[in-house]
Amino acid sequence: MIVTAWNNGSHNRNGNGYGIKISIQDRDRYFHAEWKTILLTLEGELGFLEININKTSFWNTTCRELISVEIGRWLIKHGLAPWPKGNPPKLILTQLEGNKFQLNTRN
């Protein structure tokens, strides 16, 4: 699925305030409300991050972000953040199995 990088407006160099935004259709297709967290691996990095999805903001119609300082650091490391105002990068999120996902750049 194609996802969009997200920031809370602060663009901190330490990675705080970053994440990815998922469409309503993809959220409803690939994520399950009974899951408390998902496990996310980032392209080129080892291991999985545990990301909380057990929150109203993920399941409402306006937010739907997976938020993590590690995602922010990864975006910065790959030169994807900060981005020009109104032009966040698009990324690829792949479901590996169950609640395990991988985030990749589009390069």
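Two strands pair if DSSP finds at least two bridges between them. Strands are DSSP runs of E with at least two residues, helices are runs of H or I with at least four residues, and both are numbered from the N terminus. This is a predicted model, in which local features need pLDDT of at least 70, side-chain atom pairs count only at pLDDT 80 or more, and totals for chains, interfaces and linings use all residues. Residues are numbered from 1 along each chain as its sequence is written, and side-chain values use heavy atoms, without hydrogens and water.

- The open sheet consists of seven strands in the order 4-3-7-6-1-2-5, with mixed pairing.
- Strand 4 (49-52) and strand 5 (65-67) each have a single partner strand, so one side of each edge strand has no neighbour in the sheet.
- From one strand to the next, the twist averages 40° (axes are lines fitted to C-alpha atoms, for helices over the stretch in contact, and angles run from 0 to 180 degrees between N-to-C directions).

**Strand pairs**
- Five bridges link strand 6 (residues 90-97) to strand 7 (residues 100-104) in the antiparallel sense.
- Leu 93 is placed opposite Leu 103 of strand 7.
- Strand 1 pairs with strand 6 over three bridges, also antiparallel.
- Ile 2 faces Ile 92 of strand 6.
- Strand 1 and strand 2 run antiparallel and are joined by four bridges.
- Asn 7 has Tyr 18 in strand 2 as its bridge partner.

**The helix across the sheet**
- Helix 3 (residues 69-77) lies across strand 1 (2-7), strand 2 (18-21), strand 3 (37-42), strand 4, strand 5, strand 6 and strand 7; contact means heavy atoms within 4.5 Å.
- Helix 3 runs at about 90° to strand 2.
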